Amino acid sequence: MTAPRLAIDGGSPVRDALLPYGRQTVTDRDIAAVTDALRSDFLTTGPRVAKFEEALAEVAGTRHAVAVSSGTAALHTMLAAAGVGPGDEVIVPVITFAATANAALYLGAKPVFADLDPDTLLIDPGSVERCLTPRTRAIVAVDYAGQPADYEALAAVAGEVPVYADACHALGGSSNGEPVGALTEMSSFSFHPVKHVAAGEGGAITTDDDDLAEAMRSFRNHGITTDHARRAAAGTWTYDMEVLGFNYRLSDIHCALATSQLERLSANVTRRQEIAARYDAGFSELSGVTPLVTREGVFNAHHIYVVLLESSQFKSGRAEFFSALRAENIGVNVHYIPVPWHPYYRELGYERGAWPTGEDAYERMMTLPIWPGMTDEDADDVIEAVRKVTSAYRR
Ligand SMILES: *Cc1c(COP(=O)(O)O)cnc(C)c1O
C-alpha cells in the first residue's frame with residue numbers, strides 16, 4: 001500500500017473545509033439575553049454588570065469579580081492594584097500572549113522573562129527563583145493551555161513577592177478541587193471569542209480582597225471613587241478622581257452575553273476534555289508527537305491543545321508541518337512566539353537565547369483545533385491528518 005499523497009503535494013485533503021482551531025458558540029438564549037439588554041434602561045454600568053460579576057465570582061469561588069473591557073485591561077488593572085510602578089520588575093513566562101508582559105510596561109515596570117517546564121510549558125518555579133531581584137514586585141504566572149500553574153511551588157520560591165494568575169486560558173479549571181480564580185490573590189480572565197466565555201471583548205479580575213476589588217473598580221472608571229449609582233443614592237453630583245485610571249468598563253450588552261455564556265461553561269469544559277482525551281488516545285502510539293502533560297490534581301480547562309514535535313524523528317520542521325496540515329484543512333496554530341522575540345521587545349534590549357526550554361519548545365509546538373462545538377468526527381479528522389503528515393515526513 002502506498003501512503004496517501006499529502007494535500008500540499010496535490011493529494012486530496014482530509015477535510016473539504018477548514019476546521020478552525022477555536023470557535024465560539026452562540027445560542028438563541030445568548031441572543032435573547034443581548035436583545036433584553038438592548039431594550040433595557042442601561043447599556044452600560046447597569047444591573048447586568050453586577051449580575052455577571054456575581055455569577056463569575058461564584059464560578060471562581062471568590063468574594064469579588066471586577067469586570068473590565070478586555071483580558072489585557074484585566075492584567076493592567078490587576079498589576080496597578082498590586083502597586084506595580086516605575087522601577088519595578090514583574091516576572092512572566094517567556095511564552096505567553098504579549099499582553100501578559102505588556103501590562104507591566106504600561107505601568108513603567110520591566111518584564112523579566114522566566115523559562116518553562118518542558119512537559120507542561122508552565123512557568124518553571126526554578127527559573128522564577130533565578131529571576132528574583134530586590135526590585136521584583138510581582139510574578140504573573142500563565143495557566144497555559146488551560147491548566148493552572150504550580151502556585152504552591154511558585155509561592156515557595158517567591159517568599160514575600162506576590163504571585164498572580166493570568167488565567168485567561170483556564171476559566172472552569174481547578175487544582176486539587178480549588179477553582180481557577182481562587183488560586184491566587186488576584187486572577188485575570190478574558191472573554192474574547194476563542195476563550196471559554198465569549199463576550200465579543202471583555203475581561204475580569206477575581207479576588208477575595210475587599211480593598212483590591214474597590215481599587216480595581218475605581219481604576220476601571222478613570223480612578224473615580226464613586227460610581228453613578230452611588231452618587232444617585234447619596235443625592236449628590238460630586239465625585240473625586242483619586243488616581244489616574246482608565247475607561248475600562250464593560251457594557252451591559254457584553255455582560256448579558258457573558259452571563260448567558262457562563263451558564264454553559266461547565267458543559268463546554270467537559271466537551272473540551274472529551275476532545276482532549278480523544279487526541280491523547282489518538283497520539284499515544286504516534287512516536288514523535290507529544291501532547292502536553294497535565295499535572296497531578298489538576299482539572300484542565302483545555303483552552304488549547306498543544307503538541308510538541310520530536311525534531312530528530314522528522315525530516316521536516318514545524319513550518320512544513322504547519323503548511324501541510326493547513327493544506328489538509330486542519331486549522332493549526334502556534335501559541336505563542338516568545339514575547340522577547342517581538343521587534344518591540346528587541347528594541348528594548350531583550351535578546352534571543354536566554355530561555356533554552358521555552359525557545360526550543362516554540363520551534364516544535366503546534367496547536368490543534370479544540371472547541372466545544374467540534375464533533376468526534378472532527379477530532380478524528382485531526383488525528384488522521386496528523387498521522388498522514390507525520391508518516392510522510394518521518395525520517
Ligand atoms: C487572551 C489572552 C490575553 C488577553 O486577552 P484579551 O481579552 O484579548 O485582551 C492575555 N493573556 C493570555 C494568556 C490570553 O490568552
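Helix H2 gives the most to the lining of the largest pocket, contributing 5 residues. The structure examined here is a predicted model. H2, which spans residues 47-60, is one of four elements that each supply at least two residues of this lining; the others are strand S1 (64-68), helix H7 (210-219) and helix H8 (228-234). The volume of the largest pocket is about 620 Å³. Its lining comprises 30 residues, and those that lie nearest the centre of the pocket are Thr45, Glu53, Arg217, Arg220 and Asp227. Sorted by class, the lining of the largest pocket holds 10 nonpolar, 10 polar and 10 charged residues.

The second largest pocket has a volume of about 280 Å³. It is lined by 22 residues, of which Phe97, Cys168, Ser190, Lys195 and Tyr336 are the closest to its centre. Two or more lining residues come from each of helix H3 (71-81) and helix H4 (99-106). H3 provides the largest share of the lining of the second largest pocket, with 3 residues. The class composition of this lining is 8 nonpolar, 11 polar and 3 charged residues.

The lining of the second largest pocket can also be described by domain. Domain 1 consists of residues 7-21 and 265-393, and domain 2 of residues 28-262. At least three residues of the lining of the second largest pocket are drawn from each of these two domains.

Technical notes: Residues are numbered from 1 along each chain as its sequence is written. This is a predicted model: local features need pLDDT of at least 70, side-chain atom pairs count only at pLDDT 80 or more; totals for chains, interfaces and linings use all residues. Side-chain values use heavy atoms; hydrogens and water are left out. On a 1 Å grid over the protein atoms alone, a cavity is a set of points where a 1.4 Å probe fits but cannot get out, and a pocket is an open set with protein on both sides within 12 Å along at least five of seven lines; lining residues have an atom within 4 Å of a point. Grid points are joined across faces, edges and corners, and a volume is the space filled by probe spheres set on the points. Ala, Val, Leu, Ile, Met, Phe, Trp, Tyr, Cys and Pro count as nonpolar, Asp, Glu, Lys and Arg as charged, and the others, Gly among them, as polar. Domain bounds come from an automatic or database domain assignment.
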